[in-house]
Amino acid sequence: MTARIDKNLVSVLSVEDKAQAVVKLRSPLELASLRQSLKVVRYYPFISSIGVECVRDDLVKLSRSHSVEFVSASMHVSALGDTPLNPFDEAYLPENGSVHTLKAEGLTGAGVGLAVIDTGVGTHLDLCVPKNRIYGFYDVINGEENPYDDNGHGTFVAGVAVGNGLCSGKTCRGIAPESGVVAIKAISANGDSSTFKILDGMQWLYDNFHRLGIKVVCMSFGAEPTDTADPLKIGAEMLVRRGLTVVCAVGNNGENNLKSPAVSGEVISVGAVDDDGVPAKFSSYGIYHGISRPDVYAKGVRLKGLDVGGTYSYMSGTSVSAPAVAGLCCLLHQKYKNLSPRQAKGLVMSLAKEKDGIKVLDL
């Protein structure tokens, strides 16, 4: 096999009769010829790719095709939080600027849309009263039209970013309590997903974010990076290049276990620290293509947040650090109307404080 074929895919097909794969095309014009010889089941024009179900013989065809740039396995994806414990331009900022300075200015994230690609978002009062701020919903998994969350992970994530604290007397409040939420359910009730499903959600977001006023995306999930060009990484990068600020959790597997799409240098990758600003033992970190990840750390140990049942619970993980940073990005987009993703990342990095060689945000 050529270097264009993902080793993970070769391994799967050595023991299975068929497998799902993402095929990146050198040109969309090549699709017609491939469609005649492959079983095409997905279309991802935003990354010039298709999803196929392939058998061993197909790998030979793909490796010989001049139309194909690379072929990657559709990897297992999972939400990156613990099970709940209970039922770029510094000139923008004032001198000694901080997150607390931004909040003191009265910034709440109003008018800024946040997309949460996760297990869905439930209609918790902290998100729906005095007005319903879940103003968009797309269900990759079950095709439902109305917002729901049959796992709880996505609701918790949304609450960390934009919950208004109504049911807790504002003691449990998100970073941007007036931002709106568009929920993209691409992870199932058991917390699992696949490259295909996540790319389905990304494609929908790519096609609809401008119409819905979305500025920031939170991705609290992860997969093992592929050894060829990584579809999830490329997907996240295409969203950034389209103008979205993308925030990703790095994973909960310790040293040298970074997850995709957080490995990308174009997203804001987030790790977890405890209340003392010490990196959590579970938080992933390491070097990817010569660059250290994560970009920044935020609190992610036993955070209190929204429970899908309508109350509150606790959760740990980089999954709950990432939405706090996404909430901060909502504040920045409210303050600076024409902020680019690159500028947003620069501002986030400048707001973080250096501690023992890492960047930590006090949120």
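1. Let's call a residue buried when its relative accessible area is under 20%, using a 1.4 Å probe and protein chains only. By that cut-off, 59% of the 363 residues in the protein are buried.

2. A quick word on what we're looking at: this is a predicted model, where local features need pLDDT of at least 70, side-chain atom pairs count only at pLDDT 80 or more, and totals for chains, interfaces and linings use all residues. Residues are numbered from 1 along each chain as its sequence is written, and side-chain values use heavy atoms, with hydrogens and water left out.

3. On the fold, you get 10 helices and 20 strands (DSSP runs: H or I of at least four residues for helices, E of at least two for strands, numbered from the N terminus). The radius of gyration, over C-alpha atoms, is 20 Å, close to the 21 Å from the globule rule for 363 residues, so the protein is as compact as a globular protein of that length (the rule is 2.2 Å times the number of residues to the power 0.38).

4. As for overall dimensions, the C-alpha atoms fill a box of roughly 60 × 45 × 40 Å along the principal axes.

5. Now the largest pocket: it holds about 320 Å³ of space. A pocket here is an open set of points on a 1 Å grid over the protein atoms alone, where a 1.4 Å probe fits, with protein on both sides within 12 Å along at least five of seven lines; lining residues have an atom within 4 Å of a point. The volume is the space filled by probe spheres set on the points.

6. Of the 16 lining residues, Val-160, Arg-173, Ile-175, Leu-303 and Leu-363 are the closest to the centre of the largest pocket. Strand E17 (303-306) and helix H6 (153-162) each give two or more residues to this lining, and E17 gives the most, with 3.

Notes: Buried means under 20% relative accessible area, exposed over 50%, partly exposed in between (1.4 Å probe, protein chains only).
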